[in-house]
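Open your viewer and get ready to select residues. Each stop says what to pick and what is there.

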Amino acid sequence: MDKKDLKRYPIKIADKSTVSQACRIEKIDYYLHARTALIAHHRILVVSLYKREKLIKEEKHPAYRIFMTNKEYITQDFCGEKPVWRTGCIENLIEIKWYHGISIVCCDDRSAEVINRFFAYLQKEPLPPVNKLMEAQKRIMDTRLKKRYKAEMKVISKKMREIKKLPKDFMEWIDETAMAHSRYIYYKYSRKKFMDGYCTHCHSEVKVGGAKHRKIGFCPNCGCKVMFLAEGRAKYILDHGQAAYFQKTDQGFVVRFFSIRKEYGRQYREPKTSVTELKRIFYEGDKALPYEWRSYKQSGKVYWYDGLDGYAFYYTACYTKNLEKILNGTPYQYCAIKQFSERYEGAKVNVPGYLWRYLSKPFIEYMVKGKLYHLVEDLTQSWYYSGVYNQNGKSLMEILGVTKEQFRFIQRNDMNSFELNTYKKMLSGKYREIPEDFRAFCEKYKHNVDMILTLMQYTTLHKAERYCNEKATQQHPFFAVMRLWLDYLQFAAELQYDIKNSFVLFPKHLIKAHDNAAEELQKLREKESRKKMKLQNERAKSLLEQYRKVYSWTDGKLSIVVPKDLFSIREEGHCLHHCVAGYTQDVADGKTIILFVRRNSNLEKPFYTMEVKNGKIMQCQGFGHCEETEEVKRFVNAYKKKVLNKLKLMDLAAS
Ligand SMILES: [Zn+2]
Ligand SMILES: [Zn+2]
């Protein structure tokens, strides 16, 4: 269909009878006129849609005109100022929402006949003509999409031709190495010293002594780490695993990711292992192109969806036999992922994270070679924020910012990043004592590192732990005691106790000492604040004296009272539950003026409080921040006129 030809086809204006129908029947939204036509030698269905709203105003021009064959359709939209072409289907164009009850009918019998005949190929006889039209458009759209998907999938399948066969020993490697965490000895429980068992790893009958259900031990035959399972109690075991396999491609290499399930049922001698390939990432230069095995858009097929990177393969065992050869000549040649993947049997690696991080942090190579495996594990996980490394360091010592001796310590403990951070904190805090088993120390204090580090400024780790163990009870366990003790020590420091004295440092009755110190500190703070107020008050005295002469006023019922001193301002705040007590400093500094509004019948009782600044009323509040009543408002207005404004005039005259 050529738009130029379609455009030239004469527009059908609505008939008189259609207009008359529109005027009589309210619930129809659109009237449809359909005819077939030969346009540029093609047989085309021409459908005109008239809007009822327009028809009843005698506007007979169609709102839309649809041209359709059984392979394509296009719509001319007349709703705007100029006609435009639309490729959408009728439903989307006029927003037919059946729940809104928008309805379309044929304007004459002939239109219905034409549509029924034109769409006979659908074989949807019972459908009304309009629905046939929509169904036909849907089928055309589906075919179009399928064609597009087919073209897309053809491109992908060409890419997938770079994938080669898996090596012969792959499944064996999956079972042996990638699933190294899935090894069991099933034993028949008996009272004998050695029970009969079967090792799922070496597939041999073994005698086991002292086995307990779900306990870890070693196979007496192959020597591997296994879990013991009592035959009758372990009914079904399902283990998961992940595996990655590297392969050469035309422009680099591809990493293929497999999800593994291994099931042990009653026939535990024949476990079922199933392997599904779910992800492929093609590495070309420094680019990574991911594909995932998913249902492909709306094609109804499962295929390698390109550009998607949703499946998480963060803990994957790597097939390493061919790694060196494959990475040779790529930007990852020296990334040391082989050594990292072999750091223990079936070691878990975040392969995409590792390769990606390596590009910006090539020192990962040295870290692996220096066996700083835990640091590399952290560094290659996607959540890791790496702020502690000196990117420009020329050696591992420079990169970590430590001395040779400190580096050896880090290496010996195979620190992770939390441990390294803690260690460096201790180095910079000049701690004399650093626990030799640093991993155990960090594990114990992982949630309380700052607490123990603060305590270690007062005493040794050993003494701190001994003291907390001594004081720990069921009600106050180890860490609760530690928290209490630290609070006490901080109070004591503020109270200037002699913490070097071991009677002060290790109080006999911790809780009592803590409460006493807290109380004493409270008293001290109050005393200090009173002292401060007193000094402020001295300064405020003469100011308040001056104010009294100028600001005092009464209308006979209410009065403006100038506070006697700062203490009475604080008192007023406590009485009326607002925050005026916080203003005493500013009053003493002459920055603001606080005045009391009181009833003449009881001049002592707090009522309203007013703040005046530069001759203006800033606020006037009663109990609990409440607004002024009408009475107070009138009084305040009068005060403004009679006193404040006059003061302002006097100020002006004086200046
Ligand atoms: Zn074994
Ligand atoms: Zn074994």
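Count the lining of the second largest pocket by class: 8 residues are nonpolar, 4 are polar and 4 are charged. Keep in mind that this is a predicted model.

**Stop 1: the second largest pocket**

This pocket has a volume of about 310 Å³. Select A180, H181, S182, R183 and K225 to find its middle: of the 16 lining residues, these are the closest to the centre. Now colour α7 (170-178) and β11. Each of them supplies at least two residues of the lining. Which element gives the most? That is β11, with 3 residues. Then colour domain 2 (176-324) and domain 3 (337-444). The lining draws at least three residues from each of these domains.

**Stop 2: the largest pocket**

Move on to the largest pocket, which holds about 370 Å³ of space. Select I281, D309, P352, G353 and W356. Of the 23 residues that line this pocket, they are the closest to its centre. Next, show β14 (272-284), β15 (287-295) and α10 (351-360); these are the elements that give two or more residues to the lining. By class, the lining has 13 nonpolar, 6 polar and 4 charged residues.

**Stop 3: the whole chain**

Zoom out. Colour the chain by its five parts: domain 1 (3-143), domain 2 (176-324), domain 3 (337-444), domain 4 (450-508) and domain 5 (539-654). Now look from domain 1 to domain 3. Their C-alpha centres lie 70 Å apart.

**Stop 4: a zinc site**

Select the zinc ion (ligand 2). Which residues coordinate this ion? They are H201 through ND1, C222 through SG and C224 through SG, at 1.8 to 2.4 Å. Along the sequence, these donor residues follow the spacing H-x20-C-x1-C. C222 bridges the two zinc ions, which lie 3.9 Å apart.

H201 sits in the loop between β8 (194-199) and β9 (205-209), while C224 sits in the loop between β10 (216-218) and β11 (225-230), so the pair ties together parts that are 23 residues apart in sequence. H201 has 16% relative accessibility, so H201 counts as buried. C224 has 14%, so C224 is buried too.

**Stop 5: aromatic rings**

Show the rings of Phe, Tyr and Trp. The structure holds 43 aromatic pairs. Select F118 and F119, an edge-to-face pair: 5.2 Å centre to centre, with 85 degrees between the planes. F118 counts as buried at 9% relative accessibility. F119 counts as buried at 1%.

Next, pick F170 and Y319. This pair is tilted, with 6.2 Å centre to centre and 50 degrees between the planes. F170 lies in helix α7 and Y319 in the loop between β17 (316-318) and α8 (323-327), so the pair ties together parts that are 149 residues apart in sequence. Both F170 and Y319 are buried.

End with a cluster. Select F409, Y423, F438, F441, Y445, F478 and F479, which are linked by ring pairs.

Conventions: Residues numbered from 1 in each chain as written. Chains lettered and ligands numbered in written order. Predicted model: local features only at pLDDT ≥ 70, side-chain atom pairs only at ≥ 80, totals over all residues. Heavy atoms only, no water. Donors = N, O, S within 2.8 Å, 3.2 Å for Na, K, Ca; no water. Helix = DSSP H or I, 4+ residues; strand = E, 2+ residues; numbered from the N terminus. Buried < 20%, exposed > 50% of the residue type's maximum accessible area, 1.4 Å probe, protein only. 1 Å grid on protein atoms, 1.4 Å probe; cavity = no way out; pocket = protein on both sides within 12 Å on 5 of 7 lines; lining within 4 Å. Points joined across faces, edges and corners; volume = space filled by probe spheres on them. Nonpolar A, V, L, I, M, F, W, Y, C, P; charged D, E, K, R; others polar. Domains from an automatic or database assignment. Phe/Tyr/Trp six-rings, centres within 6.5 Å; stacked < 30°, edge-to-face > 60°.
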